[in-house]
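Trainee: I've got a model open and I'd like to learn how to read it. Can we go through it feature by feature?

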Amino acid sequence: ELAKLPGVLAPEAQGAFYLMTRLPVDSSETFCAWLLNEFCHEGETVMLAPGPGFYQTPGSGKDEVRIAYVLGEAPLRRAVQLLGHALKAYPGRT
């Protein structure tokens, strides 16, 4: 479902409990903070981890987020829907 969102590059998970996903955003750190502080759709938001903290190389992960698969299928599907709404509304979309 992630890969169906415009501009999102989501490789297929290989048995891990998380996935690094590239988003069409100017800064994953700014985007993740925006999700928690400013975005709301029907009373909900989604929490993601910004990518840069998972890399040693400066500049890596700037447009990536880490998504943890710690919920059941229905909440994960809702999280993807919320992410789609957030990407449409985000002012730093690229």
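This is a predicted model: local features need pLDDT of at least 70, side-chain atom pairs count only at pLDDT 80 or more; totals for chains, interfaces and linings use all residues.

Trainee: What holds strands of a sheet together, and what does it take for two strands to pair?

Mentor: Strands of a sheet pair through backbone hydrogen bonds, either parallel or antiparallel. The rule used here asks DSSP to find at least two bridges between the two strands. Strands themselves are DSSP runs (E, at least two residues), as are helices (H or I, at least four), numbered from the N terminus. Strand 1 (residues 18-22) runs antiparallel to strand 3, with 5 bridges joining them. Strand 2 (residues 49-50) pairs with strand 3 over 2 bridges, also in the antiparallel sense.

Trainee: Which residues stand opposite each other in strand 3?

Mentor: Threonine 21 faces valine 65 of strand 3, and tyrosine 18 has alanine 68 as its bridge partner there. Arginine 66 has another contact: its charged end sits over the ring of tyrosine 18, 3.6 Å from the ring centre. For that label, NZ of Lys or CZ of Arg must be within 6 Å of the ring centre and within 35 degrees of the ring normal.

Trainee: How many aromatic pairs are there?

Mentor: Rings of Phe, Tyr and Trp (its six-membered ring) pair if their centres lie within 6.5 Å; planes under 30 degrees apart are stacked, over 60 edge-to-face, and the rest tilted. That rule gives 4 aromatic pairs. One of them is phenylalanine 31 with tryptophan 34, stacked at 5.9 Å centre to centre with 25° between the planes. The two sit 3 residues apart in helix 1 (residues 28-37), so about one helical turn separates them. Tryptophan 34 also pairs with phenylalanine 39: the centres are 5.4 Å apart and the planes at 35°, so this pair is tilted. Ring pairs link Phe31, Trp34, Phe39 and Tyr90 into a cluster.

Trainee: Is phenylalanine 31 buried or exposed?

Mentor: Buried means under 20% relative accessible area, exposed over 50%, and partly exposed in between (1.4 Å probe, protein chains only). Phenylalanine 31 is buried at 0%, tryptophan 34 at 11% and phenylalanine 39 at 9%. For contrast, take glycine 59, in the loop between strand 2 and strand 3. Glycine 59 is exposed, with 66% relative accessible area.

Trainee: And what lines the largest pocket?

Mentor: A pocket is an open set of points on a 1 Å grid over the protein atoms alone, where a 1.4 Å probe fits, with protein on both sides within 12 Å along at least five of seven lines; lining residues have an atom within 4 Å of a point. The largest pocket has 27 lining residues, and Ile67, Tyr69, Leu76, Ala79 and Val80 lie nearest its centre. Strand 3 (64-68) and helix 2 (73-89) each supply at least two lining residues, with helix 2 giving the most, 9 residues.

Notes
Residues are numbered from 1 along each chain as its sequence is written. Side-chain values use heavy atoms; hydrogens and water are left out.
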